[in-house]
Amino acid sequence: MTTEQIQQDIIEEFGAFDDWMDKYQMIIDLGNELPPLEPEYKTEDNLIEGCQSRVWLNAEMRDGLLHLEADSDAIITKGLIGLLIRVLSDQTPKDILECDVHFIDAIGLTQHLSPTRSNGLLSMLKQIKTYALAYS
């Protein structure tokens, strides 16, 4: 599935809710569903700088696709990184670098996240794109 198709699915899923409390619950549920990162990947090297919460991101190439795994000590943050992983994991580095991650604005996250969470989300996206660049 392309990054565009995945983003459209996310937009439709969030569009089913009018109330932002329901949307936050969906983000929390996504965080709870994200498999925990193996302890050996929870290292200082895998910590994302710029996040108020602790977020670890591991990336490795598998059959030409960049596979991403992540974890966080904050449940909403874990849900946010889970959304990014859903869109960008198991894509080619080229597709990740060329992806316009527009679902964030389309579902209203930009307006409903605190400034520190918004900065953290941008830091997560930047780190994923940095990995994609390194592997391209």
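**L84 and its contacts.** I started with L84 and listed its contacts (heavy atoms within 4.5 Å), leaving out residues up to four places away in sequence. L84 touches S89, V101, F103, I104, L121, M124, L125 and I128. I note that this is a predicted model: local features need pLDDT of at least 70, side-chain atom pairs count only at pLDDT 80 or more, and totals for chains, interfaces and linings use all residues. Residues are numbered from 1 along each chain as its sequence is written, and side-chain values use heavy atoms, with hydrogens and water left out.

L84 sits in helix α3; helices here are DSSP runs of H or I with at least four residues, strands are runs of E with at least two, and both are numbered from the N terminus. Is L84 buried or exposed? L84 counts as buried because its relative accessibility is 0% (buried is under 20% relative accessible area, exposed over 50%, partly exposed in between, with a 1.4 Å probe and protein chains only). I also checked L84 against F103: they are 19 residues apart along the chain, and their C-alpha atoms are separated by 9.7 Å.

**α3 against α7.** Next I looked at how helix α3 (residues 75-88) packs on helix α7 (residues 115-135): the angle is about 35° and the axes are 11 Å apart. Axes are lines fitted to C-alpha atoms, for helices over the stretch in contact, and angles run from 0 to 180 degrees between N-to-C directions. On the α3 side the contact uses I76, T77, L80, I81, L84 and L88, and on the α7 side R117, L121, M124, L125 and I128.

**α7 itself.** I compared the length of α7 with expectation: 21 residues at 1.5 Å a residue should span 30 Å, and the end C-alpha atoms are 30 Å apart, so the two agree. The expected span is 1.5 Å times one less than the number of residues. Buried residues of α7 include G120, L121, M124, L125, I128 and Y131. The buried residues of α7 pack against β1 (55-62), β2 (65-72), α3, α4 (93-98), α5 (103-106) and α6 (109-112).

I then turned to β1 and β2, which run antiparallel and are joined by 8 bridges; strands pair if DSSP finds at least two bridges between them. N58 stands opposite E69 in β2. The hairpin leaves 2 residues between the strands, and D63 in the turn has a positive phi of about 55°.

**T3.** Last, I checked T3, in helix α1 (residues 3-15). T3 counts as buried because its relative accessibility is 12%. Beyond neighbours within four places in sequence, T3 is in contact with V87, L88, Q91 and C99.
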